[in-house]
Amino acid sequence: MPEKLSFYIQRSSAFHSLNPLTKLGLVFAFIVIAYTSPFYWTATVIFGLGVLPLAFVGRVQREFLLAALRLLVPVTGFIFIMQSLFLPGGERELFHFWVFRVTVESVAQAYLTVSRIFVMISAFILFLLTTHPSALMTDLTRRGLPGTFAYVIISTLQIIPQMQSKAQTIIAAQRSRGMETGGSLANRVRALVPLVGPLVFGSLVEVEERAIAIEARGFTSRLKKTSLYEIADTRLDRGLRWFLLGLVVLSVAARVLAG
Amino acid sequence: MKLLNSIKKDFNTMTWVLIPVAIAINVVIGQIVMVLKLPVYLDSVGTMLVGVICGPWAGALTGALANTIWGLAIDPNALPWWPVALLIGFVTGWCARGGLFRNTWKVLITGFLVALVAAAASAVVNMLLIGGITASGSSLITVYLLQTGRSMIDAVLTTNFLVEPVDKISTALLAFAIIRGLSVRYLARFPRPENAAVEKNDLVALIIGALVFVVYVILVGSFFNIMFLWVGLAVSAILVLAVVLISVLKKA
Amino acid sequence: MSIVELRNVTYQYPFSERPALEGIDLRIDEGEFVAVIGPNGAGKSSLCYTVSGFIPHFFKGELQGSVVVGGVETRQSTLAECVRRAGLAFQNPFNQISGAKYTVFEEIAFGLENLGVPREEMRARVERMLERAGIADLAGRSPYALSGGQQQRVALASILVMEPQVLVLDEPTSQMDPIGTREVFGMIKELAGRGLTVLMVEHKVEWVAAFADRVVALDGGHVIAQGRPEEVLTDPLLAERNFGLSRYTLAARAALQAGLWPAGRRLPVTLEEAVEGFKAAAA
């Protein structure tokens, strides 16, 4: 398990230095356009001419491709095969064997779905590789997101790996005491309680002390919060965001007009 | 104003600290369940917990954030389902506010109501974003039903209404077991400890709980004929109305 | 001038059977270092929570009597205002890490961000605090990747950087190993030397004897003794009530009963005093 739950790679690049909101806007624009565009090739083009080149601009191409390979290819591959085989309807048969009948329509539909999923996830991977979570949160807090949200997000990212390593310790400990994590269903259900119990109650007990600790640091202060870091927001950023908004509007309009 | 106050009530510092822990509980229990290869997900235990002791809005936020963070940091497949998780937290909180999280039978009813909403919502997300066949194990049912000549939407709905009740009722019962293990003094720090005030099983809840089983059996019938799905849902709707009526009458 | 003033304070937690504090009167003067000792359940933590405002703001329940810190009644202000006057650090260093930050530097700055301190001033204050706490070399590390002693010093620094008028410490070393204990006490000693007002709950009476201007003994929610450390820490009443007194005091007490300790000589708290006393007895 990774010690930190964060994809972020610290590098200096033109893409890294964009404002986090601009990058987030880019992600959402890519997704909305990929899903609303009436053309079947749009998502492919967005990936090939948008997401992928930007990974190179951000100098994270290696990490990007590895993450896509690890997280995306198995899932989209599975969905592509299943949908090609099983999507109903479709008249132009490509081939068939046993109970399966693969048609041009089912393959086309599967490709469309998969290319859209590919854009959605890969755009987020690119965003996460080039944006530190606390930079995003600092920027969003400055724009009016309540500070409590920033706390929840960053805290979650730090607690999950801690709980995962605790879970692994508990699983190992229970196994060494002879608990079976295999066997019949009843066996496995019985194994659930001694694994989940200590983990859940242990972490819930800590909640009260942690609440006291952050209250002691003025968490509920009504004064206007400031931030240690300054996140740059240039004219280029603002211009880009308007441009992206325009693209999204155009894409949605095209969808509505095309029916 | 009333709405704003209702939202505000859900959030105190304990809530803000509990939410990250609850999300981690979702993730870790979800992963333990995978290790044990159980036929359920149980990945909304934390969300339900927040919904009950902090309220529906906090539950909704927990669900939405859980799937977003899970999706962005661990497994992208979780990402599109955040609206479903949001509704799970909200409906749980809403039921708990109506007193439906105080004994085993009532919790079972809550689990069933949550399952109905989750099944419908995830069918919508599935049809809009994934196209019907997902990468999860339950898609095998969908695929089988497609082979019997069902339409995609029928197959997806049937799958969801078969799978969700088992999972959400188990999840709700596990969340209830956790709440019962927490001290009154500890629970009192959260915004809505009264939702978790455990009471004895009552007859009305038992009868409705038994009816839930009957409805589920009808829903299982939809595996063979889609008509059973609509009948099951109609009976569910009557059941929901009955639960609402009973709780209104009790208050009056 | 007293900076903390508790008058006839009684408090009971919600859902509990009996009051945690009963009729407490306590004054702490500016620059004073007051140590609180007592067995488990004596009300030591409750006293800390009361001075720092968590009682009643966080724990609810009913607080009777008056608690005035820095001239303001705690009940009359918000919790965030209370903790600015009386900063609280407690036992478990791990649970005091906010979780909202990735580095020690950011962690210490967290409180200042919440108080709306301007960026330049914030940086300067954090840097000064890192130096004073002797943790400047940890600034870029993750707070989770530190030893217990280091984490506790970060926790103390995170509170001190907010410049409270009183520092409230609830057994800050009870979960530390000997090295961590020495690190944390080294820092507290430095603070005491600068004249910071401190209220500290502590079991380790040898350390208490070394720092405290005054010792308050709590039992069953009542103050049962208070005064100079060498008086209170050798009070026979405390030994009878199962207070964890120093082993030197206990040894000398046994020696006194066996007629081996000079009659009329005060019982020792520290090793040095014990050695002196036994030398005198031998002479």
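The following legends describe close-up views of a predicted model. Residues are numbered from 1 along each chain as its sequence is written, and chains are lettered from A in the order in which they are written. Local features need pLDDT of at least 70, side-chain atom pairs count only at pLDDT 80 or more, totals for chains, interfaces and linings use all residues, and side-chain values use heavy atoms, with hydrogens and water left out.

**View 1. The two domains of chain A.** Domain 1 of chain A comprises 20-131 + 231-258, and domain 2 comprises 140-215; these bounds come from an automatic or database domain assignment. The centres of the two domains, taken over C-alpha atoms, are 33 Å apart.

**View 2. Trp41(A) and its loop.** Trp41(A) is located in the loop between helix H1 (20-36) and helix H2 (42-57) of chain A; helices are DSSP runs (H or I, at least four residues), numbered from the N terminus. Trp41(A) counts as partly exposed because its relative accessibility is 41%, which falls between buried (under 20%) and exposed (over 50%), with a 1.4 Å probe and protein chains only.

**View 3. The interface of chain A and chain B.** Contact, meaning heavy atoms within 4.5 Å, joins 56 residues of chain A to 54 residues of chain B. The two chains bury about 4900 Å² between them, 81% of it on carbon and sulfur atoms; buried area is the accessible area (1.4 Å probe) lost on being put together, summed over both parts.

**View 4. The interface of chain C and chain B.** Six residues from chain C and five residues from chain B take part in the contact. About 510 Å² is buried between chain C and chain B, 74% of it on carbon and sulfur atoms.

Notes:
Helices (H or I, at least four residues) and strands (E, at least two) are DSSP runs, numbered from the N terminus.
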